[in-house]
Amino acid sequence: KNITTYEDYVHHVRTSAEWGGHLELRALSNALRRNIVVYSAEAVPLKMNCDGESVDDDILLSFHRHYYALGEHYNAVVPRK
């Protein structure tokens, strides 16, 4: 499929089996003005700093390369209290 506009891209992601990745997380970090930390069993934690000052706690995610039939997948990480 030929995706040429932002609106086409958003529609494609919403209506297909595709998921967002690092590029979308980086954009989300900037849009929310929050840093994002991605944990993975295969690498050291990846911290994506938003442009400017973060306005709240970091968003914590875990990355799973092979998550059942879903393939690559992100989950929220909630710290213990």
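Me: What volume does the largest pocket have?
Reply: In this predicted model, the largest pocket has a volume of about 190 Å³. A pocket here is an open set of points on a 1 Å grid over the protein atoms alone, where a 1.4 Å probe fits, with protein on both sides within 12 Å along at least five of seven lines. The volume is the space filled by probe spheres set on the points.

Me: Which residues line the largest pocket?
Reply: Tyr 6, Tyr 9, Val 10, Val 13, Leu 23, Glu 24 and Ala 27 do, each having an atom within 4 Å of a point. Helix α1 (6-15) gives the most, with 4 residues.

Me: Switching topic, what's the strand order in the sheet?
Reply: The open sheet of 4 strands runs β2-β1-β3-β4, with mixed pairing. Strands are DSSP runs of E, at least two residues, and helices are H or I runs of at least four; two strands pair if DSSP finds at least two bridges between them. β2 (43-48) and β4 (73-76) each have a single partner strand, so one side of each lacks a neighbour in the sheet.

Me: And which helix packs on the sheet?
Reply: Helix α2 (residues 22-32), touching β1 (36-40), β2, β3 and β4, where contact means heavy atoms within 4.5 Å.

Me: Which element has the lowest mean pLDDT?
Reply: β4, at 88, while β1 has the highest, 95. pLDDT is the predictor's confidence in each residue, from 0 to 100.

Key. Residues are numbered from 1 along each chain as its sequence is written. This is a predicted model: local features need pLDDT of at least 70, side-chain atom pairs count only at pLDDT 80 or more; totals for chains, interfaces and linings use all residues. Side-chain values use heavy atoms; hydrogens and water are left out. Axes are lines fitted to C-alpha atoms, for helices over the stretch in contact, and angles run from 0 to 180 degrees between N-to-C directions.
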